[in-house]
Amino acid sequence: MNFADIEKEINTLAKKANDGSISIDEMAGGTFTISNGGVYGSLLSTPIINPPQSAILGMHSIVSRPMVVGGNIVPRPMMYIALTYDHRLIDGREAVFFLRRIKDVVEDPRRLLLDI
């Protein structure tokens, strides 16, 4: 699926989940989960994998944090993300590269849209 197709499918499934019409089949068979505890104020957690999933990405609240920019301490919005993965299936090196890619596209969404 391309980016637009993924967004459409997410919206369709979210609507079904909200109105209680999502089926067991539509919730089964996934290999990766995104957990957004940040909408409830979570600053950091370690999400747990539910089999048959191979990994879960936990996204947390965006809060203002002191950052050093050009030698000065300035407030910047910051969000912690956590990746829990089955090390039998995913090597740590690839997991870290994935997290770095997430960081890059969140900081500059053009990278995701333009695939750079």
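This report describes the chain, its domains and its sheet in a predicted model.

## Basis of the description

The model is predicted, and local features need pLDDT of at least 70, side-chain atom pairs count only at pLDDT 80 or more, and totals for chains, interfaces and linings use all residues. Residues are numbered from 1 along each chain as its sequence is written, while side-chain values use heavy atoms, with hydrogens and water left out.

## Chain and domains

Over residues 1-114 the chain is 37% helix and 30% strand, where helices (H or I, at least four residues) and strands (E, at least two) are DSSP runs numbered from the N terminus. The end C-alpha atoms of this stretch are 15 Å apart.

An unreviewed UniProt entry annotates residues 1-114 as "domain: 2-oxoacid dehydrogenase acyltransferase catalytic"; such annotations may be inferred rather than shown by experiment, and their positions follow the numbering used here, with feature names shortened. The domain assignment gives domain 1 (1-29) and domain 2 (31-114), with bounds from an automatic or database assignment, and the centres of the two, taken over C-alpha atoms, are separated by 22 Å.

An open sheet of 3 strands has the order E1-E2-E3 with mixed pairing, two strands being paired if DSSP finds at least two bridges between them. Strand E1 (32-36) and strand E3 (72-85) are at the edges with a single partner strand each, so one side of each is left without a neighbour in the sheet. Neighbouring strands are turned by 30 degrees against each other on average, direction ignored.

Strand E2 (residues 55-69) pairs with E3 in the antiparallel sense over 13 bridges, and Met-67 stands opposite Val-74 in E3. Helix H3 (residues 92-107) lies across E1, E2 and E3 and runs at about 140 degrees to E3; axes are lines fitted to C-alpha atoms, for helices over the stretch in contact, and angles run from 0 to 180 degrees between N-to-C directions, contact meaning heavy atoms within 4.5 Å.
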